[in-house]
Structures are given as C-alpha cells and as structure tokens.
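Please read it alongside the sequence and the model.

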Amino acid sequence: MGKWKNQALTMHPVFFDPLNKKVYMKESGNIDSLQYLEDPGAIEVQEDKQVRFRFFAPEAKTVEVAGLGGTMGNEHFSLKPEGNGYFSATVDGIKPGFHYHNWYVDGVEVQNPHGAFGYGCFKAINFFEMPEEGTDFYYLKEVPHGDVRIMKYKSQVNSHIKACFVYTPPGYEEKRDREYPVLYLQHGAGENETGWIWSGKLNLILDNLIKEKKCTEMIVVMCCGYSFIPETDPVFYPGDFDRELTEDCIPCIEKEFRVKKGRAYRAIAGLSMGSAQAMLTFAKHQDLFGYLGVFSGMADTELDKILTEKTYAAHHIFLSCGKGEERLAEKQQAACGQLLEQGIPCSRASYNGFHEWHVWRESLREFAALLFKKDGIEGITTDIMDKQGSEPRTQISGEMLRKQTWEEQVLFFDPAYKKILFAVDDKGNPAGRYRDIHHGVEIEGKAEVSFWFLAPDAEKVEVEVYGMERRKLNRADGEEGSQGYWTVRLEGIEPGFHYHEYYVNGNPVLNTMAPVGYGAFKALNFFEMPETDFHEYLLSDIPHGQIHLNYYQSSQTGRTKMCYVYTPPGYERNIEKRYPVLYLQHGGGENETGWIWQGKIDNIADCLIAEGRMREMIIVMNSGYAFRRDGSSHHSLGSFDEELVKDCIPFIDHMYRTVPERESRAMAGLSMGGMQTQRTVFRNPEFFAWAGIFSGGLIIEDKDSDYKQILYDRSSFEKIFQMLFVACGTRDGFYSTTKEAVRKVKAHGTPLEVFEEEGGHDWTFWRHCAREFLPKLFIKTI
C-alpha cells in the first residue's frame, strides 16, 4: 500500500474496494474478449498531496469541479480536455479532510458516475478523502474487526419499515454469555443511516480504539432520523424520531442483541440535526440514557430541560464542534459552564475544521473513550421492553411496502425526497422546513413512468432506458414546484428492473434523485416497474433476516475484501442451530452490492422462508474481482475462485454457525458470476455439492478447461453434485449456446436441473432464477 492508499480513504457504499480498471470487450457478449486495463478513475489523490480530477464528457465545452465550502472551499477548478472525451486537471493545496464536491459540465451542476458516492445534501453526491499527515485513527488496520449489520424494524410513527446499521464489537459472536452497553448515534440533516459507517468510518474507529484499549467494547446503533408524520408540515425535527427510537428501535435492539439494560449502559449522540435529536431524546428520557454527545450543535430548549429536571444524574455530557464554527464554540462553552455549575459532568472539545465529517470523526473518538466508565444500576426504571412493549401495534400496508421496495437502494433504504429550507427561530435555534421535491423516477401507472432531472442551466437533457432509444426531456418550468426541472413521460415500459442513464448536453451523468446501484462498471441509476405476478422480491411485513458487512483478507490481491452476508430470521436467537451456506455471485460490471439492492435477495429469502418454501440458510455475496498484482490472474475471471476457497470460506466458517461440509455448501452466480461458479465448483469438488449457473452459459470445453469427463459421465457427475442448476432467459444472448450445451449434456444422461422462461440478461430474470433455485437447495441434506 502506498503512503496515501489505505483502503479507508477509497471505500464507499457503492463499491467497497473500487476496481480502478477500465473494461472493454473486443467482441460483444464473449467473456473471453473481456479486457481489464488500469484506470485512475474520477479522482486520484497522489502522494505529493496533489489531486487529479477526471470527467468523461465528450460533448462538453467546459468542465469544472468545486467543493461545497468548509475545508475545501468552493473555488471552481477548470479541467482541460485530453482529446479522448476526458477532461482532467491536477490541483494542489486542497486541505486534509472529507470533501463533498460537485462537477459542472457547461455550467450545469452534475455528479460523476465514475467517482466515489455517498449520501449528503439530500442526494447522491461525490466525495473524496485528503488524508492528514500523522492521522490514521479511522484507517482500516490489521486489527480484529467488528461486525456491521443492517437490521429492519417497524416504525409506528409513519408505518414504514426502517433500516438501522448496527455495529457489534470484535468477538461478539464468540462471547455468547456477554452483554454490551449501547450507543445510539445519529446523522445530520441531508444525510442518513449510511453516513456514520461510510463517511464517518465509525466501525474502523471503534475497531482501532478497542484494540488499543482506549474505549469500552460497545454496540452502536445508527438509525435514519427522518420519521416524517403523514399530513404534517415537517420542521427541523423531522417528524417524531424520539418516539420511533424509544418505542420501536430500542425494543427491537434489546430483543435481537445481547445488551446491558438500564441508563448506565445507554448513550445517545448525534451530529448537527442529529445532535438536536439526541438532546431532545435525552432531555425527555433521562431515565433511559446516562450519556449524551452533542457534535456541532446546541438546542437551548432541551438544555434548559436537562438543567432543571435532574431526577436522574447524567454520567457525562460531551459537547464538540469545529473551530471554524466560532459562534457555536462560544455557545457550547457557555452551556458546558452551566452544566458544571449544576453538578452535571460535562466536557467539550473543538477541532480544526468546519461543519464536516473529519470534525465528527474526532468527536466520536473522544466521546467513545468517555463512555460507560461508571458501572452500576442506579436510576434504572422498568425494563424498556416492558415499558414500551416489544410487539408492533399495527400492520403495515402492502401498498406502502411495495413503494418502499421500488425505492430501496444502497445509499438510502427508505429515501426522503426532500429539500431543507434553512431558518432559525427568535433564539437563533434551527427551525427549517422540509419541502417535497420530485423523485428522479415516478411510476405513473401500468407500463408508464415519468423521469425528472433538475438542471436549470442545461441546454438539453436526455434519458436512455437500457434496451430502448434515448429520449429528450422537456422543461417543466410552468408547473408548480417544478422550476428548473426537465421531464418526460414514457409508455410501454416492461415490468421488472431497469437500468437507465441520463445525458446533460450529450454527456453521461447520474440523476441524484433516482435510485443508484453499481452496474456497467460505474454508479448507475435504476427503477422498478412493478411485476404483478411476482411478489417474492417485495419488502413484506414478515420476520426479516439481517445483512452483515464483513471483512476478510485476500491472499490473491493482498487487499481487504468485504462481503455481504445474509443470516435468516432468528439466527441471533437460535444459538445452537447451524446453517448451510450459499455463495452467490454478481455479474461483470456489477459488484458485491448487486444481489442485495438490485437482486433483492434478502426480501426473496425472507419471503420464501416465511412461506415455508426454502430451507433457512446463510447467503454470502462477494466482489468477484480478484486480480493478482503480478498480472498472472485469468484475464476476465480473475483469481476469485482461489480467493473464495482459500480465504472467504474459512472466514465464513469461523465467523458464522455454518455446517462446514460440502453437502451443506452451494455456489451460484449470474453471467460472469455463473462462469466463476462453474470454474470454482468443478475445480474444487471437495468444497461444493450444489451449484447454479444463471445466464452464464454452460461450458463443456474451452481453451482453459475440459469438463467432459464430469458432464458426460453420469456416475462421475453424481459423485460430485447434489444439483447443478442451469438457467437462461429466452431473449438472452447466451440462450442458444446454453440450450445446445444442455442438450449435449443431457444426451449423456446427466441430470441437470434446467430453468428457462421468457427473459433477458437482466435482474428481472435473475430474481426469477433465485426464486426457483433457493427452494431446491439442501433438500437432500435435511
């Protein structure tokens, strides 16, 4: 790793370890023609602290990039054309920190599809990290890592299903008799539940502090703070998050996790808007929380309540801000003095910077070290599970859940299409309002959809739904609330999943208000046209499994890999039960996020398990890109097959309660992932007895491998496979070759499990494959 190349500086939710390669195919649809070339991507932070910006805009006259203020400032840097459709510039003097930024193509504000993405300012937005000399407390280090998981719970406030990120410390799974204190930690306005993991690097900070014995081992819960109440005018406190947290989230956490009960073991904190929510919740529920952290904020009304209502003694209150926020620093200093005068333990700190993530990371580091130092049970009220009730009081409507399904994405589980209008009250406290704005894609009816794109200074905006012709959008300035938007309504959209791409003045960009995934080797928009005859992929009001984000070390690349792991409902409580495992791979141009956010595999598995149609199992999803540094990997499939069996499988068998036997292990994949599946299971029969190839062809023999001795010999085949499932859509480019390969194999009496239906090379068909494949797995091993 180079001086500035720690993976913490490049990871983002759309791609944990960016590929940084340019990909092209000499021959369309032929995996053997796939070529990978090194590519610097949108932004390269060089070791001399210069930053190279790059944007592909072949039709542009000018391209610029600018920060949003704070440490980076908002100066516009001009990029120069390279002559190949790219514009680039190398900039010196950018200060250390986490930097959101915008790009400007012919003066139009856009986001770069090839850059790192987070969620900020109520939209998908590019960012990069400029490291600070001597600061590495948030780096990815060779220390034991905690688990981060995505847990769903019901909100009684607005009848949505919400998702929170939960960090559990290293060793949580092994120390089954141990309970842990909990910190509830909130994001700021314009951000969401993903922020503290991907922008704040909370899990890495806690991993490092715990290893250095600088903080208590704890669980941290990060919720989405938007609990908008229907038919109300939302203000700075968006809805009733306090009630949602105390009546819905906390009971769920205390049911699912091994937590210590009582206020001595609960803390709450937040940044900016989240700090106000934390103060509100702490002030109202001093019987539930012993610690409070206020990062970049101060709420006067809540401070007065804490000062005057002291039935329960606070263990510690911590206040912090950036040194660039001088008015806030003075306000916090005064508040700290008032708290200390009343005998309430309080400390404060300020850090170089403004209202930005590197200040909040520092705040977290200092606050975490203060927590849970006073052991004891004084002031505990009735257990919160008994006080609030652990069972939901209402059912959530199917229509609401369908709409949530169509909006789910890696950047935001339950998107809020809002714009905050900043304002203050007569005391100078935040009192802004939230205004509804257009979704990037709005489903109008059967086969009809409207596209909306905000670009007031554009000359032309177009949209291309993959598989359809590019269409022009029209200005919508005449409609109320639509000033600056472009829009078009299209008919004849087929049911299912659709990638689509936007062009501003002829240049490809991302729509920040439409769901975002990773496809075609870049951040890419998608939308859902409802399938009336396929319900399994929908978010449902049933027991939900959890999604885990786990790290392991790759022997092939020398880098840390992240895999998503689905554990079925009840996994946490059924501690004596062991589970079979499916390793499930994405296709070329996609990555480890695909099966969750595009494939909806967790929704499908939850549904099939609830309906008794599949066996409970663990599902592991990896990035399939594993290229050795010496260039010796397979030119298109890489060395993922070796990485999986040497690194990932041992890691999963150690971390989870698996059945570590070949009869209880399966692998499947789509397209490139299907080819990797065949390569892996045929070369490693001691690991797998079940396999699925979705839209990946079925290779009998090629220049790399000869599988005839297995596929053409039923006896040999049945010694290896419990099942080989082969699927392809009838409109897929691989269909004819797959069908012919299946015919040849079956002619030798080999019992393949074959699935075909009308469908293309897309997520709509692959979801159908999953619905057919999952119920067939492990049925002979029960």
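In this predicted model, the sulfur of Cys252 lies 6.9 Å from the closest cysteine sulfur, that of Cys249, which is too far for a bond. A disulfide requires two cysteine sulfur atoms within 2.5 Å. A search of the whole structure finds 0 disulfides.

**Cysteines**

- Cys252 counts as buried, with 18% relative accessibility.
- For Cys769, the closest cysteine sulfur is in Cys728 at 8.3 Å, again too far for a bond.
- Cys769 is buried, at 0% relative accessibility.
- A disulfide is a covalent bond between the sulfur atoms of two cysteines.

- Strand E11 spans residues 123-130 and is mostly covered, with 8 of its 8 residues buried.
- In a regular strand the side chains alternate between the two faces of the sheet.
- One side of E11 carries Lys123, Ile125, Phe127 and Glu129, the other carries Ala124, Asn126, Phe128 and Met130, and all of these residues are buried.
- Strand E8 (residues 97-105) runs antiparallel to E11 and is joined to it by 5 bridges; Gly97 has Met130 of E11 as its bridge partner.
- Strand E10 (residues 117-120) also pairs with E11 in the antiparallel sense, over 4 bridges; here Phe117 has Asn126 as its bridge partner.
- E10 and E11 form a hairpin with 2 residues between them, and Cys121 in the turn has a positive phi of about 60°.

**Strand E15 and its partners**

- Strand E15 (residues 219-222) points Ile219 and Val221 one way and Val220 and Met222 the other way, and all are buried.
- Strand E13 (residues 161-168) runs antiparallel to E15, with 3 bridges between them; Phe165 has Met222 as its bridge partner in E15.
- Strand E14 (residues 182-186) runs parallel to E15, also joined by 3 bridges; Tyr184 stands opposite Val221 of E15.

**The sheet containing E23 and E27**

- Four strands form an open sheet in the order E22-E23-E27-E26, with antiparallel pairing.
- Strand E22 (441-445) and strand E26 (474-475) are the edge strands, each pairing on one side only.
- Strand E23 (residues 448-454) and strand E27 (residues 485-490) run antiparallel and are joined by 6 bridges.
- Phe451 stands opposite Val488 in E27.

**Helices H2 and H7**

- Helix H2 (residues 202-211) and helix H7 (residues 357-370) have axes that come within 11 Å and cross at roughly 35°.
- The crossing of H2 and H7 is right-handed.
- H2 contributes Leu202, Ile205, Leu206 and Leu209 to the contact, while H7 contributes Arg361, Leu364, Arg365 and Ala368.
- By residue class, the contact of H2 with H7 holds 6 nonpolar, no polar and 2 charged residues.

**Gln585**

- Gln585 belongs to strand E34 (residues 581-585).
- What is the relative accessibility of Gln585? The value is 0%, so Gln585 counts as buried.
- Leaving aside residues up to four places away in sequence, Gln585 touches Trp595, Asn622, Ser623, Gly624, Phe640, Met667, Ala668, Gly669, Leu670, Gly673 and Gln676.

**Positive phi in loops**

- Most residues other than glycine have a negative phi, and most peptide bonds are trans.
- Lys600, a residue other than glycine, has a positive phi near 55°.
- Lys600 sits in the loop between helix H10 (594-597) and helix H11 (601-610).
- Is Lys600 buried or exposed? Lys600 is buried, with a relative accessible area of 0%.
- Ser671 is not a glycine either, yet has a positive phi of about 55°.
- The loop that holds Ser671 lies between strand E36 (665-670) and helix H13 (672-683).
- Ser671 counts as buried, at 13% relative accessibility; the cut-off for buried is under 20% relative accessible area.

Note on methods:
Residues numbered from 1 in each chain as written. Predicted model: local features only at pLDDT ≥ 70, side-chain atom pairs only at ≥ 80, totals over all residues. Heavy atoms only, no water. Buried < 20%, exposed > 50% of the residue type's maximum accessible area, 1.4 Å probe, protein only. Axes fitted to C-alpha atoms, helices over the stretch in contact; angles between N-to-C directions. Left-handed = near helix turned anticlockwise from the far one by under 90°. Contact = heavy atoms within 4.5 Å. Nonpolar A, V, L, I, M, F, W, Y, C, P; charged D, E, K, R; others polar. Pairing = 2+ DSSP bridges.
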